[in-house]
Amino acid sequence: MKPKSVLITGASSGIGRELAIEFYKNNHNVVLFARRKEKLEILAQELKDIPSKASVVVIAGDATQIEDIKQALKETIHQLGRIDILINNAGAGLNSFFEDLEIEEAKKLMDLNFFGLLSFSQEALPYMKKQGCGQIVNISSIAGKRGLPSRSIYSASKFAVEGLTEGIRVELEPENIHFTLVRPTSTQTEFFDVEPKGNSYLDQRDRARMTAKQVAQIAYKGILKKKKVITISFHGKLAVVLNTLFPNFTDWIISKVFSHLKKVTVAKGDSHF
Ligand SMILES: NC(=O)c1ccc[n+]([C@@H]2O[C@H](COP(=O)([O-])OP(=O)(O)OC[C@H]3O[C@@H](n4cnc5c(N)ncnc54)[C@H](OP(=O)(O)O)[C@@H]3O)[C@@H](O)[C@H]2O)c1
């Protein structure tokens with residue numbers, strides 16, 4: 001297979017990091033993008049120890065800042081000559097009951113999970129159209145198909161990603177630009193440690209079923225096949241079907257699964273963990 005140039009946002013940890021390893025070891029050139037430059041440089045060093053014919057480029061930046069996005073794409077083209085795949089993976093969670101949700105926190109989350117992804121995609125399009133092809137991979141979630149208690153704004157941000165992707169893929173597929181939605185279920189990453197805390201506490205770290213490596217390996221195969229949707233796990237697929245056919249029953253199951261969700265009082269700026 002011809003090596004591809006792949007820009008991965010949120011490559012400094014979790015699923016993005018493992019996707020970078022997967023693409024690099026299969027001889028695809030990778031651009032690592034995230035805010036924590038030192039983490040990206042450590043990963044770049046680790047990649048260079050893996051036998052591969054690929055190149056690695058590190059670009060530090062913030063996915064909510066349009067100038068950083070423009071610069072990342074310009075630098076990708078400058079270093080690698082093209083961008084075949086953009087993986088919009090950078091994202092975060094927010095744990096808060098709706099009644100206590102702070103609107104500024106909600107807007108910040110939408111800025112990253114939705115508008116960051118939207119801007120990255122829009123800015124990548126002219127390069128892909130000029131090349132005559134391209135693929136944009138949007139990392140969604142099962143929470144983008146079924147809302148969850150204390151995570152309603154996170155779910156809303158991922159529902160927005162799903163709607164956007166479904167709409168634009170019909171617009172742009174005739175121009176040979178392909179879109180892939182990836183829906184992981186609960187995965188063992190920094191996600192649950194770093195998410196801004198609200199007033200609900202649910203330690204999901206122990207509940208995370210999959211490792212980031214497992215998610216990345218499944219996603220990698222589906223991305224190369226240009227699948228429109230990659231729902232990572234059996235549980236995820238079941239949840240989507242159940243929610244579509246039996247929403248009341250799904251509400252009941254979710255109320256049981258989340259029955260130990262507790263309301264806690266926490267000082268602003270603190271972390272639960
Ligand atoms: N973990 C799960 O259970 C799960 C389940 C379903 C979907 N997902 C989705 O999978 C994606 C990856 O999450 P993860 O689980 O791998 O979490 P993670 O380990 O916390 O990784 C998040 C990545 O996003 C980057 N990021 C955060 N804010 C950013 C910003 N403003 N600009 C640029 N990069 C930023 C972080 O890097 P820096 O801090 O260095 O910027 C980090 O590399 C997210 O979209 C998430 O919603 C996760």
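Trainee: How many residues does helix 1 have, and how far does it reach?
Mentor: This is a predicted model. Helix 1 has 12 residues and spans 17 Å from its first C-alpha to its last, close to the 16 Å expected at 1.5 Å a residue.

Trainee: Switching to the ligand. Which residues come nearest?
Mentor: Gly10, Gly14, Arg35, Arg36 and Gly91, out of 31 residues around the ligand. Two elements give two or more residues to that shell: helix 1 (14–25) and helix 6 (191–194). Helix 1 gives the most, with three.

Trainee: How do the shell residues divide?
Mentor: Into 13 nonpolar, 13 polar and five charged.

Trainee: Next topic: at what angle do helix 3 and helix 4 pack?
Mentor: About 35 degrees, and their axes are 10 Å apart. Those are helix 3 at residues 66–80 and helix 4 at residues 103–131. The crossing is right-handed.

Trainee: Which residues meet there?
Mentor: From helix 3, Ile66, Ile69, Lys70, Leu73 and Ile77; from helix 4, Ser119, Phe120, Glu123, Ala124 and Tyr127. Seven residues of this contact are nonpolar, one is polar and two are charged.

Terms used: Residues numbered from 1 in each chain as written. Predicted model: local features only at pLDDT ≥ 70, side-chain atom pairs only at ≥ 80, totals over all residues. Near = placed C-beta within 6 Å. Helix = DSSP H or I, 4+ residues; strand = E, 2+ residues; numbered from the N terminus. Nonpolar A, V, L, I, M, F, W, Y, C, P; charged D, E, K, R; others polar. Axes fitted to C-alpha atoms, helices over the stretch in contact; angles between N-to-C directions. Left-handed = near helix turned anticlockwise from the far one by under 90°. Contact = placed C-beta atoms within 7 Å. Expected span 1.5 Å × (residues − 1).
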